[in-house]
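Please look over the sheet in this entry before we discuss it. My notes follow the model below.

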Amino acid sequence: MIQSAIGKQRLMRQKRHRILSRILAVFCLLLAVAGLVLLTGWYKAAAVLAVPLAIIIEMRGSKAYDRVFFAEREKERLAQYLRRSLPECRVEVNQRLEEQVADLIVVGPPGIFVICITELSYDCIDENVDRRGLEIQALAQRVCPGYPVEALIFARQMSMLKPAVTRLTPVHSPGGIVDCVSRSRQRCTEDEIERIAFLLGWEAE
């Protein structure tokens, strides 16, 4: 289900962490069992504490894995929607830009768009979202000089937030991204799109 190489790497790394967490949880359970069998008095009662510790370790490992999995799946699903809705554009997931990675990047006749996907707390916009988006935008601009780059913040919870000032365009639906791209005044020719794809390191389609 996860197609991008970086997404697979992130998921595999988190899977290894989950396995280590599970091993640690089992070890804690074994300690608890051994304590109940071999110890006496309040030592035996103390050994029981290893049981909830094992549960917490297992739950945290699984939760961390699920968070990465669902985040990467969200990117893939959004990319598929954009490819269907913007057939003239090329959409890439986890585009590496020097030392950073853009969640999504859209290139086509409307221009270049980097999309930062985030989860926002209710009634709050984290200023770090803007900062990261601007950094990704600057990197994309450096990789593709001469071609204006626009950055968007995508969060499904955005519609629940009170009006807030952001330096980047916020959208809360896939259709909103399509509207932003479609309304762009920047028009790139086929030769320019091929040039941008080359600069980004994409293989010819």
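**Notes on the sheet and its edge strand**

1. The sheet is open and has five strands, in the order 1-2-3-4-5, with mixed pairing. Strand 1 (90-97) and strand 5 (169-171) are the edges. Each has a single partner strand, so one side of each lacks a neighbour in the sheet. From one strand to the next, the twist averages 35 degrees. Keep in mind that this is a predicted model.

2. Now the pairing of strand 1. Strand 1 and strand 2 (residues 100-108) run antiparallel and are joined by seven bridges. Glu 92 has Ile 105 of strand 2 as its bridge partner. Leu 97 sits opposite Gln 100, again in strand 2.

3. Check the turn as well. The hairpin of strand 1 and strand 2 has two residues between the strands. Glu 98 takes a positive phi there, near 55 degrees.

4. Next, the helix packing. Helix 3 (residues 50-85) lies across strand 1, strand 2, strand 3 (111-117) and strand 4 (149-154). Relative to strand 1, helix 3 runs at about 140 degrees.

5. Is strand 1 largely enclosed or largely open, and why? Six of its eight residues are buried, that is, under 20% relative accessible area. Strand 1 is therefore largely enclosed by the rest of the structure. Read this alongside point 1: strand 1 is an edge strand with a single partner strand.

How values were computed. Residues are numbered from 1 along each chain as its sequence is written. This is a predicted model: local features need pLDDT of at least 70, side-chain atom pairs count only at pLDDT 80 or more; totals for chains, interfaces and linings use all residues. Side-chain values use heavy atoms; hydrogens and water are left out. Two strands pair if DSSP finds at least two bridges between them. Helices (H or I, at least four residues) and strands (E, at least two) are DSSP runs, numbered from the N terminus. Axes are lines fitted to C-alpha atoms, for helices over the stretch in contact, and angles run from 0 to 180 degrees between N-to-C directions. Contact means heavy atoms within 4.5 Å. Buried means under 20% relative accessible area, exposed over 50%, partly exposed in between (1.4 Å probe, protein chains only).
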